[in-house]
Amino acid sequence: MSIRDPEFHTIQRQRKLDTPTWLQSDIIEVATELVSANWKSGTRIRMLTVTVSGLVPPDMVAQQLTMFDEPLDDERSERQEKLEEALRVFSVDPKGMRAL
């Protein structure tokens with residue numbers, strides 16, 4: 001990830017995920033953590049670049065679990081991402097919605 005301020009000062013940070021992913025939400029979570037940890041809140045950003053590599057298709061991901069881990073529901077996560085994307089297209093904030 002690269003962050004550039006209005007004076008063209010740039011910082012770059014990276015993080016490798018513990019497990020392969022194809023989910024947008026995983027990438028957004030890590031990018032958000034990197035920005036929060038490395039950029040002072042309220043400081044203007046001229047450019048924010050997130051670059052990913054080593055993405056894998058869903059059928060190529062295998063989970064290595066310990067005795068105490070529960071399997072992740074990647075299919076549910078993928079459906080949730082598709083729903084949120086559809087809501088963004090129609091300018092609906094999924095975080096502001098309430099379940100009935």
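S2 is buried, with a relative accessible area of 13%. The model is predicted. S2 lies in strand β1, which spans residues 2–4. The side chain of S2 forms a polar contact with the side chain of Q12, at 3.2 Å. Beyond its neighbours within four places in sequence, S2 is in contact with two groups of residues. One comprises T10, I11 and Q12. The other comprises M47, L48 and T49.

I3 belongs to the largest nonpolar core. This core has 5 residues in all: M1, I3, V30, L34 and W39. When neighbours within four places in sequence are set aside, I3 is in contact with H9, T10, I11, V35, W39, I45, M47 and L48. W39, one of these contacts, is also a core member.

Helix α1 covers residues 24–38, 15 residues in total. Its span from first to last C-alpha is 21 Å, close to the 21 Å expected at 1.5 Å a residue. V30, A31 and L34 are buried in α1. These residues cover an arc of only 100 degrees around the axis and therefore lie on the same side of α1. V30 and L34 also take part in the largest nonpolar core.

I28 is found in helix α1 as well. I28 is partly exposed, because its relative accessible area of 43% falls between the 20% and 50% limits. I28 and V50 are 22 residues apart in sequence. In space, their C-alpha atoms are 9.0 Å apart.

Note on methods:
Residues are numbered from 1 along each chain as its sequence is written. This is a predicted model: local features need pLDDT of at least 70, side-chain atom pairs count only at pLDDT 80 or more; totals for chains, interfaces and linings use all residues. Side-chain values use heavy atoms; hydrogens and water are left out. Helices (H or I, at least four residues) and strands (E, at least two) are DSSP runs, numbered from the N terminus. Buried means under 20% relative accessible area, exposed over 50%, partly exposed in between (1.4 Å probe, protein chains only). A polar contact is a pair of N or O atoms within 3.5 Å; within protein, one must be able to donate a hydrogen and the other to accept it, and residues adjacent in sequence count only if both atoms are side-chain atoms. Contact means heavy atoms within 4.5 Å. A nonpolar core is a set of buried Ala, Val, Leu, Ile, Met, Phe, Trp, Tyr and Cys residues joined through side-chain atoms within 4.5 Å. The expected span of a helix is 1.5 Å times one less than its number of residues. The arc is that of the directions from the helix axis to the C-beta atoms.
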